[in-house]
Structures are given as structure tokens and as C-alpha cells.
Amino acid sequence: MRVAEIVVKILESEGIEAAFGIPGAAINPVYEFLGASKQIKHYIARHEEGAVHAADGYFRASGRMALAICTSGPAATNLVTGLYTAQIDSMPLIAITGQNTRAQLGKEAFQCVDIATIARPVCKATWCITEPTQAPTIMREAFRLAREGRPGPVLLDLPLDVQMADIPYDPESDRPLPITKRVPNEAQIAHAIELLLAAQNPVMIMGGGVLLAGASQRCVELAEHLSLPVITTYQATGGIPAEHPL
């Protein structure tokens, strides 16, 4: 099966229903199969940065991951600001960029920019997939990393000849990887409570992670139990009612 088709099948398997992007020569093999998908609806962006912000916003509004997709070179570098926003606000998304053929990598060829290296500081992980047979495994790992622990964006860079390669693949035997939820450290929690009880003027700062965890009500209950005044970060706005006495 062609890697470009496998990419779309895995996107569908992972629950992707919305893709935001701009087609172009280096990513068109994936677009061929993306256009045939009955599950994924594609929305044309007016700018690649807007595609990432849209995928970010889709998760904020729905709680479901989306895809940002574009071609190589300046299209790929336009993703960076949106990836940084998603990373700093803990918003999971998958970004896929097209790339020149593997033979042109590192030669300053036309629109052959090392986006995997450029975007690495503003993503949970990035890959330039140069071995076609590794594409399914790397894609599954990308989805796992985006969702597990502190959520965030991941980027997959796909050389044109990798997209066009045919590899053995059985969709029926390939499944999403399990997501491990970390167990709270009871000793650290007990120590934090000791510090709070010993403090003269303790304050609770509620962050966006509280909302992502669906723990707003429990957080408010803790504040009420300990009579802690609450400050919310921008991302936690609405986590506690504005009229709440704390």
C-alpha cells in the first residue's frame, strides 16, 4: 500500500475528522487520499499559520484533535508560530508537511527546508520520515505523544518519494497506541498541603491544565476547603466563577 494512503488511514483510525491546510506539490500524494476520505473534512486555509491555529482552536472548542497540513519550504516554516502557540498552551495536534525527495535533503534544493529541526523546540516531537516502512510506527507514536502527559503538537515531515513508496501494511492489525495516565504522587501532594497549611498568606493559581483535566470543580472544592483565594491564568479563565467569593 502506498505510504500516502496509509497516512490517511491512520489519521482516520486515530479519530481525525477535521483537517486544515493548503495543498501543494510536495504534499499532493497525501491530498489525493485525503480528498477521498469520507471521514475527514478538509478546510482550505488562507495561510499555513492559520491552518495550525485552526487545528489548535478545533481542539479547544471540541476536545478532539485535528490535522494541520501543508507543502514544503516556506509553507512549512509558516507553521512555526502556530506550533509554538499550541505547545505553550498544551494543545495537542498533528502537523504534516510535505518535503522534497530524500536525495535532495541537505543540499539546499528547491523548498527543501529542514522543518523537523526548525520546529523541534516548539513541538513535543518532530520527525522527518526517511524510511517508508517506519511511517506507520512513527505516526502511531506521534499520536500517543501528542495526547499523553502534557498534551502538545507533533510534526511529521514526509519526503515526496516516501509518500509515493509502496510498503506492506495491514490496516486491520494496526491500532492506536495505549495512552498512559500518570498516577499522582501522594507524597508530593502531602508535602504541598503541609506548605499550604504552614503559609501565612497562601494563594491558589489555577492553570489551564485544570480545565484540560476536567478538574475545575474539584479544584474549586479544594480552594473552598482550605479557604484559598484563587487567581486564574489566561488559559484557566472560567475555571472558577467570576462571582465566586474566593
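User: Where is the place of Ser227?

Analyst: Ser227 lies in the loop between helix 11 and strand 8; helices (H or I, at least four residues) and strands (E, at least two) are DSSP runs, numbered from the N terminus. The model is predicted: local features need pLDDT of at least 70, side-chain atom pairs count only at pLDDT 80 or more, and totals for chains, interfaces and linings use all residues. Residues are numbered from 1 along each chain as its sequence is written, and side-chain values use heavy atoms, with hydrogens and water left out.

User: Why does Ser227 count as exposed?

Analyst: Buried means under 20% relative accessible area, exposed over 50%, and partly exposed in between (1.4 Å probe, protein chains only). Ser227 has 54% relative accessibility and therefore counts as exposed.

User: What is the phi of Ser227?

Analyst: Ser227 has a positive phi of about 55°, although it is not a glycine. Most residues other than glycine have a negative phi. Gln111 also has a positive phi, near 50°, and is a residue other than glycine.

User: Where is Gln111, and what makes it partly exposed?

Analyst: Gln111 is in the loop between strand 4 (93–99) and helix 6 (115–119). Its relative accessible area is 30%, so Gln111 is partly exposed.

User: Why is Glu14 called buried?

Analyst: The relative accessibility of Glu14 is 6%, and therefore Glu14 counts as buried. Glu14 is found in the loop between helix 1 (3–13) and strand 1 (18–21). Leaving aside neighbours within four places in sequence, Glu14 is in contact (heavy atoms within 4.5 Å) with Arg140, Phe143, Arg147, Pro176 and Leu177.

User: Which residues of helix 11 are buried, and how do you know that they are on the same side?

Analyst: In helix 11 (residues 216–226), the buried residues are Ser216, Cys219, Val220 and Ala223. They cover an arc of only 100° around the axis, so they lie on the same side of helix 11. That arc is taken from the directions from the helix axis to the C-beta atoms. Gln217, Arg218 and His225 are exposed on the other side of helix 11. The buried residues of helix 11 pack against strand 7 (204–206), helix 10 and strand 8 (230–232).

User: What makes a space a pocket, and what volume does the largest pocket have?

Analyst: On a 1 Å grid over the protein atoms alone, a pocket is an open set of points where a 1.4 Å probe fits, with protein on both sides within 12 Å along at least five of seven lines; lining residues have an atom within 4 Å of a point. The volume, which is the space filled by probe spheres set on the points, is about 760 Å³ for the largest pocket. Of the 19 residues that line the largest pocket, the closest to its centre are Gly149, Arg150, Arg182, Gly209 and Ala213. Helix 10 (residues 208–212) gives the most to this lining, with 3 residues.

User: Which residues lie nearest the centre of the second largest pocket?

Analyst: Among the 13 residues lining the second largest pocket, Met91, Gly208, Leu211, Leu212 and Gln235 lie nearest its centre. The volume of the second largest pocket is about 230 Å³. Helix 10 gives the most to the lining of the second largest pocket, with 4 residues.

User: How many helices and strands does the protein chain have?

Analyst: The protein chain has 11 helices and 8 strands. Of its 246 residues, 44% count as buried.
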